[in-house]
Amino acid sequence: MKTSAMFSDWSIFGKKNDPKSIELSFANHLEYALGKDGYTCTQRDAFQALALAVRDRLIERWIRTQQMYYNEDVKRVYYLSAEFLMGRVLMNNIINLGMYAETKEAMEEIHLDLFRIADEEPDMGLGNGGLGRLAACFLDSLATLEIPAYGYGIRYEYGIFEQEIRGHQQVERPENWLKFGNPWEIPRPEYAQTVKFGGRLKKVDLPDGDFKIEWVDTNDVIGVPYDTPIGGFGNLTVNTLRLWSARASKEFDLDYFQHGDYLKAVAEKNISENISKVLYPNDELLEGRELRLRQQFFFVSCAVQDIVRRYLATHEDFDSFADKVAIQLNDTHPSLAVAELMRVLMDDHGIPWDRAWDITRSTCAYTNHTLLAEALEKWPVSMFEKLLPRHLSIIYQINLLFMRDVSARFLNDQDRLEKMSIIEEFPEKKIRMAHLAIVGSHSVNGVAELHSRLLREKELRYFDEMYPGVFNNKTNGVTPRRWLLAANPGLAELITSRIGDSWTVNLFDLKKIEPLAEDPGFLEEFAQVKRRNKECLALTIKKQTGVKADPNFIFDVQVKRIHEYKRQSLNILNVIYTWIRLKQEPNFNVTPRMVIFGGKAAPGYRMAKLIIQLISHVADMVNRDTSTNAKLRVAFLPNYRVSLAEQIFPAADVSQQISTAGYEASGTSNMKFAMNGALTIGTLDGANIEIMEEVGAENIFIFGLTAEEVAARAATHNPAGYFIKDPILKKALDLIRDGFFSPGDRDLFRPFVDALMGQDRYLVFADLASYHEANRKIDALYRNKTEWNRKAVLNVARMGKFSSDRTITEYNRDIWGAAPLEITRPGQDSTFMPEGQTRHKGKVS
């Protein structure tokens, strides 16, 4: 991986990027920051020292970036997200700084392996899946596109749990990613914010006859920010990810301690600091639900207060607030920003309601990520009364005025009023957080064309009619710097050797390799890269599961959060179906296939955990069958995470994207797989549709019902009809239900079978025959390696649309309007770009 010309002549600050300078920085940090030498240095010490050396180079640019933002009084984008699934960042930072080759050489000079050092870094697992990973990709693109931006979230002490498969079951272990410290972050206690909970409201009469509301007798928590630099690729921009950690406003109650009540002396501290202790506490219990609401308000309040503080550093009033601030709400978790911004404007700064509301709506924008009604968050009013009485009063007033507007627009439409109200009245009075976000935002977007259309036409139709032009689409994307350049260096180098490296900042340039799909020499090199990646993944599979994965097999992969609508159940049912056919039909011809699963189930999601058990039990049985294991094997890779995904995507031949049509908002693993040369088998759901449109229907395997057909079947679907007509399906279900795969507990999988045979909510049976047939087409195509590789190259070549750079450019053009700012060397003039445009290598794109 050579250093591009775009990185030349960057020794403009104190730290140089040549191998000797990197080696010196490494040695200095090893000695002076860690107190180690060459004799006592461990691999972890080496990681810490190298990370600090890289961070030095980021910090120089970081300080310069922030100075220029202030000097130029730029409009800033604030991305509020409960999740930031950053993964490991050492290699990403080295690549974005343009010092990969130099760092590798520096480590080799002192007999260290850069990749072994990088493996010491724990994943920053501050997210559950696609939502958090999308936020991380967006931060990368924002910096690369030179857009002034900040990410705001929570510094969870424990991220997404570590998953073990023990006795065929998922076992959750705490994931203490901070156990050895985090070399990338810098605490900023001077910018701590006070967050209020509980208390009561007090009406205070004013001399002019008006009144104001004071929120008093509150229980306060301190939010301490920790900043992580986010470097852009090919430029000098370094933006900020600011994560908040909860601290008690009173560390210690000396009176309780002096009287011997040592637990009560620190009780308040423990309760306060639980807020940032763990990502997504189990919300099956009331205490867990209450903690989740505390978490959401905690980081939103910290963020809003910090945003206002930063704005007032250069402005005396709020006349320009919406011109200088854009707040993007990533799903419903930060929806309380609407009410909190209103509170801060009115209570802390005396702004009247109407003006505060205009400022809030002009500033906030909301991204919806789901069509599942149960995933649209609702909080009991009783919980708000207890924890956030001031915000409840504000939300009531917002809803009162909103209901008046709806009534005036649509006379005598009670159904519309009930469905649009922010307050759900029955069966329990709750606050609909998605409705709060919609009413309080000037823009509402979905994340794929189908998803956005279904939001407008079905789930949120009334809101679209109320606010014409507010709803829009921003199809998701992923950063090619991590998911191709860093994760698949072999393919990245092959592409760059033929078309140059402009694709790293303009993914549409991958189109230039399309003619090479007809070049036998290129196809052979492409196949060799894939083979090497498969060999590496096979070693990981063997090490982690004990299953021998033959690189000659099709590597067929489904890795994502375990959920019924994502239909891992369809995949494993098809495995059993195929296995039965192999045993019963001597002439049944399949291409050898390694079916690979990965993903975590929410601790409280029993059916998802049962699906993992079924996959694990089936894998055990199928892999031991010597009559078929030369044709079919199964593995469940435990503890799926970003760093493991970086091994999986480059090695996959087949990408399983098989959600029930109309349920997946977008998906991003589909993009990462295709970008790395996997062919997709999928339904017409989420971004699969747009991938098909880009790569061509002949280069993807589409099966199953459409979203419209799924909706039409909802009332008439008869699961029994399918297994009555299909003896192999019936046999498969009988084997599962009767305990063939779980001899130690014959009834283990009865709930799984009962759910399918009783309701089959996600239409597994309806799509099984089409899915099985699509898999047979994959078998046939894979036997023609030249044709398979040609289609794989075309998939890579046509992935330009699915860069997060394109997504962010559209957000900025249509929603934020933040002028990109080129960060320059000290002493040089800066340059603004027209609002909504971006720069690469000095050109407007």
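Which residue in E4 does Val77 stand opposite? Val77 stands opposite Ala149. What you're looking at is a predicted model, where local features need pLDDT of at least 70, side-chain atom pairs count only at pLDDT 80 or more, and totals for chains, interfaces and linings use all residues. Residues are numbered from 1 along each chain as its sequence is written, and side-chain values use heavy atoms, with hydrogens and water left out.

**Strand E1 and its cover**
- Strands are DSSP runs of E with at least two residues, numbered from the N terminus.

**Who E1 pairs with**
- Two strands count as paired if DSSP finds at least two bridges between them.
- E1 and E13 (residues 325-330) run parallel, joined by 5 bridges.
- In that pairing, Leu80 sits opposite Leu329 of E13.
- E1 also pairs with E4 (residues 149-154) in the parallel sense, this time over 4 bridges.

**Cysteines**
- A disulfide is a covalent bond between the sulfur atoms of two cysteines.
- The rule used here asks for a pair of cysteine sulfur atoms within 2.5 Å, and the count comes to 0 disulfides.
- Take Cys302: the closest cysteine sulfur is in Cys364, 16 Å away, so that's too far for a bond.
- Cys302 counts as buried because its relative accessibility is 0%.
- Cys137 counts as buried too, because its relative accessibility is 0%.

Key
Buried < 20%, exposed > 50% of the residue type's maximum accessible area, 1.4 Å probe, protein only.
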